[in-house]
Amino acid sequence: MENCENVFVMDHPLIQHKLTYLRDKETGSKDFRQLVSEIAMLECYEATRDLPLKEVETQTPVAVAKTKVIAGRKLAFVPILRAGLGMVDGVLSMVPAAKVGHIGLYRDPKTLAPVEYYSKLPSDIEEREVIVLDPMLATGGSGIDAVTIIKRSHPKCIKFMCIIAAPEGIKAFTAAHPDVKLYCASVDDHLNEHGYIVPGLGDAGDRIFGTL
């Protein structure tokens with residue numbers, strides 16, 4: 001996993017292999033959803049690497065063993081609607097006890113600015129570490145606004161996890177939230193005049209839900 005300050009690019013072979021098929025325009029919605037979920041699961045493995053552990057004693061069938069468990073850290077996943085929903089099953093397969101919040105943002109097609117229309121977070125969000133989910137970080141607007149909304153509830157920590165990011169989005173996001181770690185599977189070349197990541201994979205929400 002390559003990293004630069006708070007930006008972590010996951011170059012694991014399994015992630016990169018699945019990302020290739022995710023990009024393919026011939027990949028249908030069923031397989032696309034499965035790939036998004038699998039990549040999110042693998043990214044979650046890395047994004048939770050710094051969770052603290054504590055030692056406990058466990059009775060095995062043979063003897064008492066000194067083992068480790070996560071030291072009381074509570075997690076919450078917050079997908080940005082709607083594309084972020086595609087990542088939820090994958091991360092919950094890694095951390096099934098986590099709570100899930102939702103933030104609804106859409107991008108104005110003319111200004112490309114994000115517009116908030118929904119926000120529902122766990123009631124105990126201030127006790128949790130939050131991982132925000134969105135497959136694409138393009139202009140960075142939605143990610144920036146989502147994190148700003150969540151910060152109002154004062155969680156213990158916030159991380160942002162996407163699959164593909166544009167350099168423009170990374171620059172804007174890290175400038176707005178230098179305290180938030182950003183995890184992605186690829187940093188692509190640039191944004192086109194329509195605000196799409198190049199080469200990217202098209203509209204992640206449309207491909208996940210078959211609304212092309």
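1. The model is predicted, so local features need pLDDT of at least 70 and side-chain atom pairs count only at pLDDT 80 or more, while totals for chains, interfaces and linings use all residues. Residues are numbered from 1 along each chain as its sequence is written, and side-chain values use heavy atoms, with hydrogens and water left out.

2. Start with Asp124, in the loop between strand S8 (114-120) and strand S9 (128-133); strands here are DSSP E runs of at least two residues, helices are H or I runs of at least four, and both are numbered from the N terminus. Asp124 has a relative accessible area of 12%, so it is buried (under 20%; exposed is over 50% and partly exposed in between, with a 1.4 Å probe and protein chains only). Beyond its neighbours within four places in sequence, Asp124 is in contact (heavy atoms within 4.5 Å) with Lys74 and Lys99.

3. Next comes Asp134, in the loop between S9 and strand S10 (136-137). Asp134 counts as buried because its relative accessibility is 10%. Not counting residues up to four places away in sequence, Asp134 touches residues including Ile80, Met87, Ser142 and Phe160.

4. Ala138 sits in the loop between S10 and helix H4 (141-151). With a relative accessible area of 13%, Ala138 is buried too. Leaving aside neighbours within four places in sequence, the contacts of Ala138 include Arg107, Glu168 and Leu191.

5. An unreviewed UniProt entry places the feature "binding site" at several residues, among them Arg82, Asp134, Pro135, Ala138 and Asp203; such annotations may be inferred rather than shown by experiment, and feature names are shortened and positions given in the numbering used here.
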